[in-house]
Amino acid sequence: MSLLYEMIFDYTLRNVALGTLLLGLGAGAIGSFMTLRGQSLIGDAIAHATLPGVAIAYLLTSAKDPSVLLIGAAIAGVLGIGAITVIIRTTKIDSDGANGIILSIFFGLGLLLLTYIQKLPKSSQAGLDRFIFGQAATIVAKDVVIIAIVQFLVLTTLVLFFKEFKSSTFDPQSTTVMGFNQKIIDFIFAALLVAVIVVGLQTVGVILISALLVAPAAAARQWTHSLKTMVILSSLFSGISGMIGSLISATGMNLPTGPMIVLVLTLFIAISFLFGSKRGVVNKKIAQIKRNRTFDQNRILLALDTLARSHEESDLYHSSHTIGLMVQHNQGIKRVLKQLTFSGLLLVDEESNYALSRKGEEFVASLKGGEGLYAR
Amino acid sequence: MNDLNNIAIEVEDLTVAYHHNPVLWDIDVQIEKGVISAIVGPNGAGKSTLLKSILQLIPISSGSITFFGRSLKEMRREVAYVPQRSEVDWDFPTTVLDVVMMGSYGALGWIIPPGKRERELALQALEKVGMTEFANRQISELSGGQQQRTFIARALVQDASIYLMDEPFAGVDAATEQAILKVLRELQSKGKTLVIVHHDLLTVKAYFDHVILLNVHTIAAGPVKTTFTQENLQKAYKGKFSAFKGDIDEFTV
């Protein structure tokens, strides 16, 4: 409770909570499209590419004002995307390769410049290394306002162009034929991506901000088959884990924010991959067990039906051994027979021999009626 | 009647090259309004490339393409494309109805979302391809034939005058093949023009009335009766065609 109290009334914590929540909402939403477009790496490449922009902006202006640094970051991010596009178009290098090349070149350059800045007099106050791992506690009210405006614009654009993004993600060629210029869609998408990344830099850091884009989308996909639901879930996962992670980082032992957020995200992913209602491992396993059980049950019922047809009226009851031979499957057959008896489809006599009940006969008739061996 | 109005697609001197290797060389094709035309040729002949360059999905090195004498830009709404099934990720999180509704996006234009009317059009299209009961099915759960029908339904929603389809009969079951054929014939009876990349030489005579034999160059183009001959096929398949000798005539309609 005290954390909730502080979240509302403590100036720093309120800024941290609000800033990272808003940041995550936009990042998770755009991240869904990024992963579905098969461009999971591009967020990471853009984020790393912003670092030299931050450093150069500082060198040119010696300003500590974050908004100047962020403009530098945005310019470098756009240059990074441009370079990736040029590499893909003009060489035979694929998008993974192009992302990797730009990521390392820009990040390397950024680190070089940061080291240089740290050796300058008065540089200790620059605090630019917060851009690498992120430091949520440095968020002030003004930053929250910037984040809020940018995320509002990003989410509004996503809603407005939802149809275009959806169609061009699923089938870019047909979307082009229908008259939507793919270059315009790609441009809007890239602009949104750069905006989300740039405003999140000093909070989450260049190294891990892509986690806020990719991980929630992967987790959300486990719960739904609808794009709209996936985008909303991803947005919420990202916002909530961003907030929790940054609060722990800001209140605890001053741990870096980016890694803390990733830890919380890992929890979301683990739960989603295990228990996700559409693709989770546990759910799939349960469905498979159910299918197998239904299959076993139906085969036993059909076997008893065959036996009933080939035997005299007096000889309707058969031992589990006989039935097992019929279905060529003896393991656990007694358990399945008990289940069937329990659900009233089979009758059992004192010597543990089984026969079809009236209800069982009707069920066999419906099975033969075309619903097939797998139907229930 | 003005001659221009009778030529649905005119391709002149079309050349396409990837990294300096010509994929299509000096293609000249005229397709009349209201015909069903097959693009036929061996693997690597440039069949899909021809469709894509007609639609300006890939850059062309030279040549011109017009639709009823106009540019694609002016005729966008009149041209629909059915890509190969394998060109999209069927694991995309959406339903059959939603994909079919995408056919209405072009008419809606930017930003405006689809509504009741578009939903209605999509349901009608699904009925035409016999997929009504699958409207709310996840696209990841569809069979190959159902995927193909979904794509055709999406094209129907576009209500274009020219349809370009890439291998709609590839890898579908017999029932789907007949269902698709029925839809194509219905489109033709409404005066629509259809250009279809086709791989099954044995059905060309039964399904199509115009054929383009392609192997980087246009080997021959014209009515199936006079163009789809042993001699032309030999030229298109460069002797690799011998296995089919004799079979073609049996399927003459």
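Entry 1: I looked up B:Asp13 and found it in strand β1 of chain B, where helices (H or I, at least four residues) and strands (E, at least two) are DSSP runs, numbered from the N terminus. This is a predicted model, in which local features need pLDDT of at least 70 and side-chain atom pairs count only at pLDDT 80 or more, while totals for chains, interfaces and linings use all residues. I also noted that residues are numbered from 1 along each chain as its sequence is written, that chains are lettered from A and ligands numbered from 1 in the order in which they are written, and that side-chain values use heavy atoms, with hydrogens and water left out.

Phi of B:Asp13 is near 50°, which is positive although the residue is not glycine. I wrote beside this that most residues other than glycine have a negative phi. B:Asp13 counts as partly exposed because its relative accessibility is 43%; buried means under 20% relative accessible area, exposed over 50%, and partly exposed in between (1.4 Å probe, protein chains only). I then turned to B:Ile111, which has a positive phi of about 70° without being a glycine. B:Ile111 sits in the loop between α4 (105–108) and α5 (116–128) of chain B, and with a relative accessible area of 35% it is partly exposed.

**Entry 2: a covered strand.** Which residues lie on each side of strand β5 of chain B? I found B:Val79 and B:Tyr81 on one side and B:Ala80 and B:Val82 on the other, and as all of them are buried, both faces of this strand (residues 79–82) are covered. β5(B) pairs with strand β6 (residues 162–166) of chain B in the parallel sense, over 4 bridges; two strands pair if DSSP finds at least two bridges between them. Opposite B:Tyr81 stands B:Leu164 of β6(B).

**Entry 3: buried residues in helices of chain A.** I looked up A:Thr157 in helix α8 (residues 141–160) of chain A, and it counts as buried because its relative accessibility is 19%. A polar atom of its side chain lies 2.6 Å from the backbone oxygen of A:Leu153. Not counting residues up to four places away in sequence, A:Thr157 touches A:Ile188 and A:Leu192, where contact means heavy atoms within 4.5 Å.

A:Ser234 belongs to helix α13 (residues 227–251) of chain A, and its 0% relative accessibility makes it buried. The side chain of A:Ser234 reaches the backbone oxygen of A:Gly28 at 2.6 Å. Beyond its neighbours within four places in sequence, A:Ser234 is in contact with several residues, including A:Ala29, A:Ser32 and A:Pro216.

How many of the residues of α9(A) are buried? I counted 9 of the 9, so this helix is largely enclosed by the rest of the structure. Among them are A:Phe162, A:Phe165 and A:Phe170, but also A:Lys163, A:Glu164 and A:Lys166.

**Entry 4: the largest pocket.** On a 1 Å grid over the protein atoms alone, a cavity is a set of points where a 1.4 Å probe fits but cannot get out, and a pocket is an open set with protein on both sides within 12 Å along at least five of seven lines; lining residues have an atom within 4 Å of a point. Grid points are joined across faces, edges and corners, and a volume is the space filled by probe spheres set on the points.

The largest pocket holds about 1,900 Å³ of space. It is lined by 48 residues, of which A:Thr85, A:Arg89, A:Gln182, A:Lys183 and A:Asp186 are the closest to its centre. α11(A) gives the largest share of this lining, 9 residues, and β1 (7–18) of chain B is one of the elements that supply at least two.

**Entry 5: the cavities.** I found 2 cavities of 30 Å³ or more. The largest cavity has a volume of about 70 Å³, and α5, α8 and α11 of chain A each supply at least two residues of its lining. Among its lining residues I noted A:Pro66, A:Asp143 and A:Val199.

The second largest cavity has about 40 Å³ of space. Helix α7 (residues 174–189) of chain B gives the most to its lining, with 3 residues, and B:Lys128 and B:Leu156 are also among the lining residues.

Methods:
Polar contact = N/O pair within 3.5 Å; in protein donor to acceptor, adjacent residues only side chain to side chain.
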